[in-house]
Amino acid sequence: MSLFTRSRQPSDTTGGGAEEDGAAPAPEEVTEAAPPSEAAPPPGAAPPSEAPSPSDDTLSPEAPPPSDGTPSPEAPPSSEAAPAAARPGRSGLRQRWPRTARGVTVGTTLLAGALVLFALLVPNRVERLAFDAFLRLPAEGILLAALLLALPPRPRRIAAVVSGVLLGLLTVLKLVDMGFYQTLARPFDLVLDWILLDDAADFVRESFGRGGQVLAVAGVIVLFVSLLVLMTLATVRLTGLMARHRPAAARTLLALGVVWITCVTLGVRITGVPVATRGTAEMLGNRVEQVRAGLRDARVFEEQAAVDAFARTPPDQLFTGLRGKDVLFTFIESYGRVAIDDPAMAEPIDAVLTEGTDRLRSAGFASRSGWLTSPVTGAGSWLAHSTFLSGLWIENQQRYRSLTTSDRMTLTSYFRKAGDWRTVGIVPGVRRAWPEGKFFGLDHIYDSEHLGYHGPYFSWTPVPDQFSLEAFERLEHGRKDRRPIMAEIILASSHNPWSPVARVIDWDDLGDGSVFHEIKKEGTDPKEVWKDPEKVRTEYRRAIEYSLRSLTEWVERYGDEDTVLVFLGDHQPVPTVTAGDTGKDVPVTIVARDEKVLERVEEWGWTDGLKPAPDAPRWGMDAFRDRFMTAFGPQGAPAAGAPASRERP
């Protein structure tokens, strides 16, 4: 840190020193009396310019004769400062090794300038990090330097410190944005996303252990503090340099301003990147608007949540087309459109879907598939689940909290209101208290601790999908003399980081899950997989294949005439897998053996089979609830006041 602090220089007695920030006041500005040690010589004494040098062999008339124990005329009086070379500290080092000291000074100044330019020019997305991104001229830097140069000394120092802290915070925000773009394909929301930082720490712990979490959190804290301190020191150092060389600094800033305006006017580019940029100002402007929108969003959402076309529908008029059926809403974690459309994954995934379609058809089942647009991508499964079930667009934590503390009816709670279904949740990803389960209208919830699993975690995934489905059969679906079931089932094996991945085994061999200890040993190491994006994409594909096979085999094995399955992805995977695809579409499929069930959704225009066609209908995920309830209401007619389709682009 001390490298960024200019060392104190010896006093300048020649009249050419620096002022408060480095340049001394002009002689006419000196009004204070000189201290005694610097007072004018008494009458008769030689002026300083005429005083004999230490090398003179003669003594001044006023000098006492030398005697033992007294300093010689050549030696300075004890009150005089010792030569710099004889003094300890940085000043002495600068006298002994002037070139080295000069090199350190210049190098430190260059490093300070590089840090400030880095803060102003570094993009907030990893894919935009390139050498040409730093070959630009930031307008914000020119304006900031001009402001600092124009201020008086004391305000200048204060402004330099404040500017350094703000540049440090700006850099931290850009780095956080990089992480959010890599995970959620969007920037960090300064109003709504703070809770996700805690979720991120939990994810690291569950994926890489407590040690990994501690190292990650400690590294983030050290990086944050270091950026703030170093950026502040760098700004202060550069400000002092400009103040000491005010004329040259003013001319340089004027020239840079002219160059910037010229480059903007002519549209000058280097390798396609504009030389003149105001990207930081635009980014901060967008953040200000984002904050305003976040603050307004609570009121907007409250107005939207107040509209519910089915709020006054009598219980006996709900889901009349599904009476006596077991209705299963199943989410496959991170099952996005990329799994079907990406050329590197399309062939193996298509084979799994085609095989599943054929096997289910042989078992008497038919299926239809389409697309839904999720409110999130990369992560935030609970936001997608609540969007699907509530019929509201839940894209942030503020909306989720508002929803789960409201009296809004969800798809699952309407089944409970109808009175003919036992509503259950199979949620193996839940490891702690989940009070929201009551809001969603679930009579009973089976989390990771209540499925009877005694096998290992597969990285983040507490319970393999095949075991979760078998546990549902054992605990609920396979029971005798039961009521029809409406179940929300979360299949978590395809959750990031997709390593290691379980494999489908004989259903009779599942037991208590201990068999998965050996299967896990056969899998990959996530720390090795995540060193190579192609390996990540491969493991993701294998995880989706496992989830799809587990689900279709369960339906083939345990499904019957009264089984109605709706399964879908909750969101696209992280950008490492989507490889630049910014879409948020996920597949959705309905499976049933009863032909009357599929006749109710014929007008949806969905594709036959488990794989939706590229041009299959695409709805916003929030539109599904009302369309589903309308299709399976009395004679499939819309409820009074039911809203029109709310498809999202």
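The model is predicted, so local features need pLDDT of at least 70 and side-chain atom pairs count only at pLDDT 80 or more, whereas totals for chains, interfaces and linings use all residues. Residues are numbered from 1 along each chain as its sequence is written, and side-chain values use heavy atoms, with hydrogens and water left out.

**Exercise 1. Describe the protein as a whole.**

Step 1. The protein has 20 helices and 13 strands; helices (H or I, at least four residues) and strands (E, at least two) are DSSP runs, numbered from the N terminus.

Step 2. Of its 649 residues, 45% are buried. Buried means under 20% relative accessible area, exposed over 50%, and partly exposed in between, with a 1.4 Å probe and protein chains only.

Step 3. Among contacts with a separation of 6 or more, 76% join residues 24 or more positions apart. A contact means heavy atoms within 4.5 Å.

**Exercise 2. Determine how helices H3 and H6 are arranged.**

Step 1. Helix H3 covers residues 139-150 and helix H6 covers residues 246-266; their axes come within 10 Å and cross at roughly 150°. Axes are lines fitted to C-alpha atoms, for helices over the stretch in contact, and angles run from 0 to 180 degrees between N-to-C directions.

Step 2. H3 and H6 are therefore roughly antiparallel, since angles under 35 degrees count as roughly parallel, over 145 as roughly antiparallel, 65 to 115 as roughly perpendicular and the rest as oblique.

Step 3. H3 contributes Ala139, Ile142, Ala145, Ala146 and Leu149 to the contact, and H6 contributes Arg246, Ala249, Ala250, Leu253, Leu256, Gly257 and Trp260.

**Exercise 3. Is serine 163 buried or exposed, and which residues does it contact?**

Step 1. Serine 163 belongs to helix H4, residues 153-184.

Step 2. Its relative accessible area is 12%, so serine 163 is buried.

Step 3. Apart from neighbours within four places in sequence, serine 163 contacts Leu144, Leu148 and Thr235.
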